[in-house]
Amino acid sequence: MGIIFDKPLIGVVMCQKDTGGHPTQTVHNKYCDALVQAGGVPLALPHSLINAPHLLENAMAVLDGLLLTGSPSNIEPWHYGEAGEEPHADPGRDRLAFQLITWATSHKMPMFGICRGLQELVVANGGSLWRDLSARPDVQRHHEDETRPLAEQYAPVHQVTVEPYGMLATLFADSTLEVNSLHHQGIREPGPQLRIEARAADGLVEAVSLRHHPFALAVQWHPEWQPETTPGSQALFSGFIQAAIRYHRGKDDE
């Protein structure tokens, strides 16, 4: 008796950290909870998949979507043509995320990127980053005050304007949205394969989508934080999960 499809399986990228001397890979509950609330089933993807291409292929073959989460780490600058060291690097995540994006792009698998996930999608498609937005006097503050309670750190702090006729415009009824902002780096150049979906008032790119792809969307803010009350969050996760369901059904038709 075969397995009856119920909910789409979503691969979730993890982050490397040290826990009492033990190398550990983790993902915040809020990402998995948001997927479950939207009707998906999250499955964690370990960095070791990059050392076994056949296992990565096997893992991706059973998935219906890919979530690129936010992270305290930053992409190593050499990936987008800059020199210098990154003090908050996670090279295993860089390598895995870029391989997953390449696979998902070639197979038209739905992707949803959040914060670092947005930056991964941009760099993987030839774009570049501002390494420290606080050093730019022409942009507003985009990072949180880490001394404040989490509820205040993740509260909406600025507005984004949705570009017309894009993927975000199909998900949101309004052309503006109040969002939170917890990032020190930002998009400098999105790359030729990406469409700008939203900007902040200072002009900073806040969302992109991959051209010629059924659903490959990424945002700079954090919709996974209390999505039931955060404006626009349910629409984002619902759109992603619905795309994953369509992708799964397309596999069945092959």
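Analyst: The following account describes the aromatic pairs one after another. The model is a predicted one. The count comes to four aromatic pairs. A pair of aromatic rings is described by the distance of the centres and the angle of the planes.

One of these pairs joins Phe-112 and Phe-237, whose ring centres are 5.3 Å apart. Their planes stand at 85°, and because an angle over 60 degrees counts as edge-to-face, the pair belongs to that class. Phe-112 is part of strand E6, residues 111–114, while Phe-237 is part of helix H7, residues 233–253. The pair therefore ties together parts that are 125 residues apart in sequence.

Another pair, formed by Tyr-154 and Trp-225, is stacked, with 4.4 Å from centre to centre and 15° between the planes. Here the two residues lie in loops: Tyr-154 in the loop between H5 and strand E8 (158–162), and Trp-225 in the loop between strand E13 (216–219) and H7. This pair thus ties together parts that are 71 residues apart in sequence. Tyr-154 and Trp-225 are both buried.

Definitions and conventions. Residues numbered from 1 in each chain as written. Predicted model: local features only at pLDDT ≥ 70, side-chain atom pairs only at ≥ 80, totals over all residues. Heavy atoms only, no water. Phe/Tyr/Trp six-rings, centres within 6.5 Å; stacked < 30°, edge-to-face > 60°. Helix = DSSP H or I, 4+ residues; strand = E, 2+ residues; numbered from the N terminus. Buried < 20%, exposed > 50% of the residue type's maximum accessible area, 1.4 Å probe, protein only.
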